Amino acid sequence: MIYPVILCGGSGTRLWPSSRRAFPKQFGRLIGEDTLFQSTLKRLTGPEFAAPLVMTNADFRFIVMEQCADIGLADAQVVIEPALRNTAPAILCAALLLEETPDALMLVAPSDHIISGRDIFQAAIRVGAEAAAQGHLVTFGVTPDRPETAYGYLELTAAPTDGQAVALTSFTEKPDAETAAQFVAGGRHLWNAGLFLWRVCDILAAFEAHAPDMMAPCRAAVATRSEDLGFLRLGEDAFAPVRAASIDYAVMEQAEGVMAVPLGCGWSDLGSWDALWAASGPDEGGLVQQGNTTALDCQDSFLRSEDDNLHLVGVGLKNIVAVAMRDAVLVADMGAAQQVKEAVALLKAASAEQATNYPRFYRPWGWYETLCLGARFQVKRIMVKPHGRLSLQSHLHRSEHWIVVAGTAEVTIGEEVQLVTENQSVYIPLGTQHRLANPGHVPMYLIEVQTGAYLGEDDIQRHDDIYNRP
């Protein structure tokens, strides 16, 4: 059996505004009906795969569980990392959770890549499994078709051949254009796909040899783990001292006997808008359109609208990325797509909310979005999932009006509990304890109108919460 370990905590800012820290690209539907995370899960299912171990953080735990349930995957174990420490501590904690089966094969996969050709992919995994069973640390790579400077490279002892594992000589992280061109011309380099396969005992031994300082805090974090609503929380205090490092820097670049396997299938890490454009299958004129868009005389461009009420029109565009959302618009030259991350840094420095927050805020009970915000008032649209239940709460600075527009709401105001159906409304006075729930089997939607001197989300005092939030 192969035990998939899926890393699901990244922020993906190079695909801003569609991907932001509050809702990163792995959870979005960028290509096709499934999210990138769901596509990853589906690739790693079958008779040779055990239930996946998903490493994420507290902010994404309910999104992860919901997206697993949406594709009928009920046996995934979701592990909550107390803090972001890059890939090495997450992988080490996962290995320690599997330590009781030391000879088990552990496949580490990112959650935000596109891989086409599932049969070819799984055939490469089987090749890697044979090498891993012999005690090798195995990584996977992609044959480069251009001198890409945004990827890491794997140098092999011989030209890669599909269906064979080849000894690895060195890692190179994001070379300059001249060096990347030399790598491609030499024929002995692969792009680093960020996929790894090894026995649990071998990766633990590699950490002991090359990153021994990580062992004690990660082992303590695993030992002090706790169950929380079906999630597995690593010990926060124990995890705090561990340093942040990628698995490449911490272990793989120093380890001996590393083998590389060519994937032989379509692959992209979707690290930029030009990568998503290429993966989306441009038409004969090089145009990709997603969502509510119209293009006139546009070539080699990417148009995407994420709002049904926002129509994006491109006229005479060449080599342009245009992405429109309710709260932000990106227009960039395709050749400058890698600089989007720098633009996000500027937005953060200016304290722009769009830098990190998504216009739709996802919660364990559903989601909400702001429709209008002004002085002393705010209008929100709220969706509560079937059997979802908000916390029992009160506010110090605002009152609220709720108007149900679809479904049935169970509303608690003070000591009174009532059912409110479509086209009915209720009023919640300032300071009154209240709760909203959906007792039905279909999503419930309502419009919330807030009025008051302060309308921030931190003006919530929770008195009871089924999701154990503070």
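This is a predicted model: local features need pLDDT of at least 70, side-chain atom pairs count only at pLDDT 80 or more; totals for chains, interfaces and linings use all residues.
Residues are numbered from 1 along each chain as its sequence is written, and side-chain values use heavy atoms, with hydrogens and water left out. Local features need pLDDT of at least 70 and side-chain atom pairs count only at pLDDT 80 or more, while totals for chains, interfaces and linings use all residues.

**Cavities and a pocket**

Rolling a probe the size of a water molecule over the atoms shows where empty space is left. On a 1 Å grid over the protein atoms alone, a cavity is a set of points where a 1.4 Å probe fits but cannot get out, and a pocket is an open set with protein on both sides within 12 Å along at least five of seven lines; lining residues have an atom within 4 Å of a point. A volume is the space filled by probe spheres set on the points, which are joined across faces, edges and corners.

The whole structure holds two cavities of 30 Å³ or more. The largest cavity has a volume of about 40 Å³. Its lining consists of Thr40, Arg43, Leu44, Ala109, Pro110, His113, Ile115, Phe121 and Leu195. By class, six lining residues are nonpolar, two polar and one charged. Here Ala, Val, Leu, Ile, Met, Phe, Trp, Tyr, Cys and Pro count as nonpolar, Asp, Glu, Lys and Arg as charged, and the others, Gly among them, as polar.

The second largest cavity has about 30 Å³ of space. Gly152, Tyr153, Phe171, Thr172, Glu173, Asn192, Asp248 and Glu253 line this cavity, and they divide into two nonpolar, three polar and three charged residues.

The second largest pocket contains about 360 Å³ of space. Of its 17 lining residues, Glu353, Phe361, Thr370, Leu373 and Gln378 lie nearest the centre. Strand 21 (366–374) and strand 22 (377–384) are the elements that give two or more residues to this lining, and strand 21 gives the most, with three. The lining has six nonpolar, five polar and six charged residues.

**Salt bridges**

Side chains of opposite charge can pair when their charged atoms come close. A salt bridge is a side-chain nitrogen of Lys or Arg within 4 Å of a carboxyl oxygen of Asp or Glu, and the whole structure has 23 of them.

| Pair | N to O distance |
|---|---|
| Lysine 25, aspartate 112 | 3.6 Å |
| Glutamate 99, arginine 219 | 2.9 Å |
| Aspartate 228, arginine 233 | 2.7 Å |

Lysine 25 and aspartate 112 are 87 residues apart. Lysine 25 is buried at 7% relative accessible area, and aspartate 112 is buried at 16%; buried means under 20%, exposed over 50%, and partly exposed in between (1.4 Å probe, protein chains only).

Glutamate 99 lies in the loop between helix 3 (87–97) and strand 4, and arginine 219 in helix 7 (residues 215–223), so the pair ties together parts that are 120 residues apart in sequence. Glutamate 99 is partly exposed at 31% relative accessibility, as is arginine 219 at 36%.

Aspartate 228 is buried at 10%, whereas arginine 233 is partly exposed at 25%. Elsewhere, a network of salt bridges links Asp307, Arg326, Arg360, Glu369 and Arg381.

**Surface patch**

Leu296, Val313 and Val315 form a nonpolar surface patch with about 290 Å² of accessible area together. Patches are made of residues with over 30% relative accessible area and no salt bridge, with like charges joined within 9 Å and nonpolar side chains (Val, Leu, Ile, Met, Phe, Trp, Tyr) within 5 Å. Accessible areas come from the Shrake-Rupley method with a 1.4 Å probe; for residues, only the protein chains shown count as cover. Leucine 296, in strand 15 (residues 293–296), is exposed at 54% relative accessible area.

Methods: Helices (H or I, at least four residues) and strands (E, at least two) are DSSP runs, numbered from the N terminus.
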